[in-house]
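Hi,

As promised, here is the structure we talked about, ready for you to open in your viewer. Below it you will find my notes on what turned up when I went through it.

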Amino acid sequence: MTRTLDIKSLRLRLPDTARPVLDGVDLHIAAGETVALVGESGSGKTLTSRTVLRLLPKGAETEGEVDVAGENVLAMTPQQLHALRTGRVAMIFQDPRAAINPLRRVGDFLTEGVRLTGTLSEQDATRRAGELLEAVGLSGAVLRHYPGQMSGGMLQRVMIAAALMGDPVLLLADEPTTALDVTSQAEVVALIGELKERFGTGLLFVTHDLGLAAAISDRVYVMYAGRIVETGPAEALFADPRHPYTRALLDASPRLIEPGRRLAAIDGQPPDLRQELTGCPFAPRCRFATGLCTTQAPQPQAAPGAPGHLAACHHSDRLAEGAADA
Amino acid sequence: MSFARFAARRLLEMAATLLGASFVIFGAMYLAPGDPASFLLSGRSASPAALAAINQQYHLDDPFFVRYFRWLGQLLHGDFGRSIEYRTDVSKLLADRLPSTLLLVAMALVLVVAAGLALGWIGAVRGGAVDSTILVTTTVAVGTPSFVAAILLQGLFAVRLGWFPTSGTGQGFGDMVWHLTLPAIALALYLIGMLARVTRAAMLEQLGGEHVAVARSRGVPERQVIWRHVLRNALGTVLTTGGLIVSTLIICTVLVESAFSIGGIGQLLELATTTKDFPTVQAISLLIVGLFMTVNLIVDLLFPLVDPTVTLGARRSTA
Ligand SMILES: Nc1ncnc2c1ncn2[C@@H]1O[C@H](COP(=O)(O)OP(=O)(O)OP(=O)(O)O)[C@@H](O)[C@H]1O
Ligand SMILES: [Mg+2]
């Protein structure tokens with residue numbers, strides 16, 4: 001079966017930078033699967049998800065492939081790209097208040113994609129918008145509201161309804177809860193999970209919160225400095241991290257199970273884009289780093305007996321021992 | 001705010017402003033150097049009796065406040081007094097000259113809006129060399145005073161090529177448009193540059209906005225993205241600038257009408273000022289204040305249409 005999303009060796013270069021901002025990203029999503037993409041700020045999560053819709057910054061150059069249902073997005077004609085954006089792939093953005101034009105009514109926002117492209121008639125579009133608003137727990141009356149009259153949580157629900165308008169096979173959610181208060185966050189996460197099941201779409205959930213990622217996804221990708229450093233099933237990654245960066249992220253994230261434990265911040269800064277990288281990008285911040293790490297870039301290697309659990313680290317095995325000691 | 005309350009508040013505000021303006025204008029004339037009576041006599045030495053007669057006709061001997069309130073009372077009855085220079089009613093002078101000035105301002109405004117919006121739009125959307133060319137051109141336009149533009153246009157298109165008349169107002173609508181074309185261009189040039197820059201900046205700001213990326217990500221055709229999300233959202237800034245533009249147009253007619261010898265309000269104001277024709281100067285000054293307030297009112301009325309999130313009267317006036 002073809003994968004809903006298959007990113008192969010994606011390399012993305014921005015103007016005036018010394019190294020690719022995305023460097024050999026491999027990531028795939030099976031039909032109906034939920035995949036989380038995790039990493040700290042600036043690691044390239046947003047660029048990765050935007051590349052799926054070919055929403056690239058000016059002057060960006062790409063290599064590799066981004067296949068959606070078997071078709072390479074990076075090689076699409078404008079017409080094909082247009083069809084992709086109106087139908088198969090939809091994106092939920094981080095800040096709904098910035099993402100929705102404040103001068104147009106919510107109804108206009110919901111229906112404009114399908115209406116302007118002639119996918120649905122005006123009446124059908126409005127009917128569908130009403131149904132989806134109900135599905136996200138809002139009344140049809142908000143169709144006539146302006147965004148300024150609604151709360152952030154309500155607007156993010158509108159955003160989710162809008163994403164479902166074109167019957168997508170893949171939802172891209174880029175930190176959909178970061179701009180919301182805690183209660184709305186939980187509601188929105190639950191809603192996305194529920195709707196994804198109901199409509200049978202694949203989901204790429206971008207977040208910097210490893211706990212949240214593990215809670216909602218089947219598999220997790222951990223990104224550092226534009227590279228996927230570890231990927232695997234959510235539980236395996238949690239129980240047995242094989243990359244020091246994943247390990248450090250886990251140690252740095254609060255967990256309710258062990259409330260008394262001190263959080264360990266990750267020392268140092270992620271590498272600057274104006275700086276060339278040799279070897280492992282995490283080496284300067286890694287307590288396992290050796291001479292090998294600074295000269296040779298590690299390739300992804302499967303964990304013993306777990307072909308789906310890959311880590312790009314020269315010292316994965318030492319890490320496992322270290323964890324056992326601790 | 002309800003429309004009735006808005007209207008009532010604005011009418012009161014406008015009345016108060018006009019009253020204040022009338023006092024300032026009258027006071028300025030009173031304090032201005034030079035004596036209308038001696039001007040009327042054109043430097044000839046007059047008998048004390050003749051001087052007294054003139055002073056009496058124009059009530060020049062009365063105290064300031066008596067003269068002010070008499071003038072105000074006449075204004076309220078639509079009587080702007082008699083022109084000293086032209087020896088006719090000022091209201092008739094204004095009525096004769098207003099049409100050419102209004103036509104000139106209207107023609108210039110059409111040029112400013114059409115060219116300013118188009119240039120700003122193209123610059124923002126196209127970028128690159130097209131944008132740089134527009135930036136350079138508008139910089140030159142903004143740096144050219146309208147009387148310099150008037151002289152250049154006159155020299156090239158009227159004198160050298162003979163396509164347009166060098167001066168005069170013309171008779172009848174078509175002839176007037178022909179006579180006023182070069183003056184309107186001279187008047188518009190600076191403001192085209194200004195509006196183009198404002199439009200370009202406002203559109204670029206919107207183009208970089210997240211909601212534009214979102215619209216694109218949803219397959220909204222680029223033309224519609226520009227129309228519905230970029231230009232639409234830039235209109236508020238454009239409208240606010242529009243108020244300023246019309247006010248500037250009105251002021252600059254003085255320079256351009258003089259340069260092209262157009263029998264309009266601007267030229268009349270210049271002549272009346274140099275000849276100390278104070279009833280005429282006062283009437284025109286008040287008329288200009290009234291026009292400014294009207295422009296501002298129109299902008300305020302239009303604003304909620306451009307930005308539905310703003311309620312009537314909530315915008316702070318800027319023009
Ligand atoms: N339009 C752009 N022009 C130039 N550089 C960009 C642009 N967008 C992103 N970048 C750079 O690319 C890098 C990755 O950015 P990206 O937005 O993908 O990070 P992220 O992982 O989503 O971070 P965050 O958690 O802060 O959202 C950053 O260093 C950023 O400065
Ligand atoms: Mg991001």
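One convention before the findings: axes here are lines fitted to C-alpha atoms, for helices over the stretch in contact, and the angles between N-to-C directions run from 0 to 180 degrees. Please keep in mind throughout that this is a predicted model.

With that in hand, let me start with chain B. Helix H8 (residues 173-207) and helix H10 (residues 222-259) of chain B have axes that come within 8 Å and cross at roughly 155°. Angles over 145 degrees count as roughly antiparallel, and that makes H8(B) roughly antiparallel to H10(B). The crossing of H8(B) past H10(B) is right-handed. Sorted by type, the residues in the contact of H8(B) with H10(B) are 19 nonpolar and eight polar, with no charged ones.

On confidence, the model scores ipTM 0.79 and pTM 0.79. Chain B averages a pLDDT of 84, and 92% of its residues score at least 70. Within chain B, helix H5 (residues 90-126) has the highest confidence, at a mean of 92, while helix H2 (residues 36-40) has the lowest, at 61.

Now to chain A, where there are sheets to look at.

One sheet of chain A is open and has four strands in the order E2-E1-E4-E5, with antiparallel pairing. Strand E2 (22-29) and strand E5 (71-72) of chain A each have a single partner strand, so they stand at the edges, and one side of each is left without a neighbour in the sheet. Here is how the strands are joined:

- E1(A) and E2(A) pair in the antiparallel sense over six bridges; in E2(A), His28(A) is the bridge partner of Asp6(A).
- E1(A) and E4(A) are also antiparallel, over seven bridges; in E4(A), Thr62(A) is the bridge partner of Leu12(A).
- Strand E4 (residues 61-68) of chain A is joined to E5(A) by two bridges, and these strands run antiparallel; Val68(A) has Glu71(A) in E5(A) as its bridge partner.

Which helix packs on this sheet, touching E1, E2 and E4 of chain A? Helix H1 (residues 45-52) of chain A does, and its direction makes about 120° with that of strand E1 (5-13) of chain A.

The other sheet I would point you to in chain A is open too, with eight strands in the order E6-E7-E8-E3-E9-E10-E12-E11 and mixed pairing. Strand E6 (89-92) and strand E11 (301-303) of chain A are its edge strands, each pairing on one side only. From one strand to the next, the twist averages 25°.

H6(A), in turn, lies across E6 and E7 of chain A, running at about 175° to E6(A).

H6(A) has a helix partner too. The axes of helix H4 (residues 106-116) and helix H6 (residues 152-164) of chain A come within 8 Å and cross at roughly 25°. H4(A) and H6(A) are therefore roughly parallel to each other, and H4(A) passes H6(A) in a right-handed crossing. From H4(A), Val106(A), Phe109(A) and Leu110(A) make the contact, and from H6(A), Val158(A), Met159(A), Ala161(A) and Ala162(A). By type, the residues of this contact are seven nonpolar, no polar and no charged.

Finally, a loop residue: Ile266(A) is found between helix H10 (244-252) and helix H11 (291-295) of chain A. Leaving out residues up to four places away in sequence, Ile266(A) touches Tyr245(A), Ala248(A), Leu249(A), Ala252(A), Phe282(A) and Arg285(A). Tyr245(A) lies 21 residues from Ile266(A) along the chain, and their C-alpha atoms are separated by 8.7 Å.

Definitions and conventions:
Residues numbered from 1 in each chain as written. Chains lettered and ligands numbered in written order. Predicted model: local features only at pLDDT ≥ 70, side-chain atom pairs only at ≥ 80, totals over all residues. Heavy atoms only, no water. Pairing = 2+ DSSP bridges. Contact = heavy atoms within 4.5 Å. Parallel < 35°, antiparallel > 145°, perpendicular 65-115°, else oblique. Left-handed = near helix turned anticlockwise from the far one by under 90°. Nonpolar A, V, L, I, M, F, W, Y, C, P; charged D, E, K, R; others polar. pLDDT = per-residue confidence, 0-100.
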